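Please examine the sequence and the structure shown below. The briefing that follows groups the main points by topic.

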Amino acid sequence: MTTDGPGRPFPVGGLPTVRVDSDAELRAYLDAYPSATGPWRIGAVTELVAGTTRRRSVTLRDPDGGEAVATFESPVGAPGRPDGEPTTGTLDRLMEAALGFGAANPPHHPGSVPRFPVPSGRYPGRVEVPLAILAVERGERGLYAPPRVVVVDGSSGEPYAVGEFPGFDPDHWPPPRLGDWPPAGSRSLAAPVLRGSVARLSACLVRIFAAWDSGNEYPHRLADAAEVAMLFGRLDVPGMGQYYDRLNAPFGRWLADGAAGTEIRGRVGMSGDAPES
């Protein structure tokens, strides 16, 4: 069996089908989980449309000539962003909007770094983006707890409000150090793998946030939740988890419950520290 790393079957978790909503997301998935010997090259593609579902069986080849087959599934006419762009870029757009709005509305802390958005528990239909602090102390780069948070419209990406992060105490500076930077899980990743991981996370989060806001289930929601948890473990420092929970603890528990019910093993939700296996 061809794997994307020691002991990990491909597709991730040995899933029968993988949800993607665009060609860009399919490519991001392949980039995020390369073979053990390098990036995948797409060979034969077989497509079948049945009712409202589009299914593509893709033969993949690794640099050593090994093969794997992955089946990608999406709703016919799967929605992207309102401007027609794929949802693989949504995460970057939200984080950039949050950072820009924070900088334009002082006090703005040097070294501010936007972390991943969480559905707002205070403003329905919006997400909250923590602005953590990246700093160097004694020659070591570290991520420090967020003193501010920006509320952004989850659909348009327009900033809505900015304020102190819940529980932040300006009299105790600097805030707690959360871990080394870059995160251990991403430190050795090749650039295409890192870009693919962020793009895949973005698309999964768009579906997860929509399900959370609407209360509607969708096929692959549990698999998406598990993959989101795994990608958080790859791209974030474990210490951020408790700060996401301060913004929306029920969402964190819901995500963790979904992740725990699958065969994909990774960090549980946004605050657990279970290692990948």
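**Briefing on a predicted chain**

Strands β2 and β3 form a hairpin with two residues between them, and G51 in the turn has a positive phi of about 65°. Helices (H or I, at least four residues) and strands (E, at least two) are DSSP runs, numbered from the N terminus. This is a predicted model, in which local features need pLDDT of at least 70, side-chain atom pairs count only at pLDDT 80 or more, and totals for chains, interfaces and linings use all residues. Residues are numbered from 1 along each chain as its sequence is written, and side-chain values use heavy atoms, with hydrogens and water left out.

**The hairpin**

- Strand β2 (residues 41-50) and strand β3 (residues 53-61) run antiparallel and are joined by eight bridges; two strands pair if DSSP finds at least two bridges between them.
- A50 has T53 in β3 as its bridge partner.

**The chain as a whole**

- There are five helices and ten strands in the chain.
- Of the 277 residues in the chain, 49% are buried; buried means under 20% relative accessible area, exposed over 50%, and partly exposed in between (1.4 Å probe, protein chains only).
- Among contacts between residues at least 6 apart in sequence, 60% join residues at least 24 apart, where contact means heavy atoms within 4.5 Å.

**Confidence**

- The average pLDDT of the chain is 89, and 88% of the residues score at least 70; pLDDT is the predictor's confidence in each residue, from 0 to 100.
- Over residues 1-7 the pLDDT is below 50, and this stretch has 21 contacts in the model beyond near neighbours in sequence.
- Residues 271-277 also have a pLDDT below 50, with 17 contacts in the model beyond near neighbours in sequence.
- Where pLDDT is low, the predicted coordinates should not be read in detail.

- The 24 residues of α3 should span 34 Å at 1.5 Å a residue, which agrees with the 35 Å between its end C-alpha atoms; the expected span of a helix is 1.5 Å times one less than its number of residues.
- Just after α3, G215 takes a positive phi of about 75°.
- Helix α5 (residues 241-260) has 20 residues, yet its end C-alpha atoms are only 16 Å apart, short of the 28 Å that a straight helix would reach.
- At N248, α5 bends by about 120°, and the proline P250 follows within four residues; the bend at a residue is the angle between axes fitted to the seven residues ending there and the seven starting there.
- N248 counts as buried because its relative accessibility is 6%.
- Leaving aside residues up to four places away in sequence, N248 touches V118, P119, S120, G121 and W212.
- The buried residues of α5 include Y243, L247 and F251, and their cover includes β7 (126-137), β8 (140-153) and α4 (221-235).

**Backbone exceptions**

- Most residues other than glycine have a negative phi, and most peptide bonds are trans.
- R138, in the loop between β7 and β8, has a positive phi of about 55° although it is not a glycine.
- R138 counts as exposed, at 77% relative accessibility.
- H220, in the loop between α3 and α4, has a positive phi of about 80° and is not a glycine either.
- H220 is buried, with a relative accessible area of 18%.
- The peptide bond from W173 to P174 is cis, with omega near 0°, and P174 lies in the loop between β9 (159-164) and β10.
- The bond from W181 to P182 is cis, with omega near 0°, and P182 is in the loop between β10 and α3.
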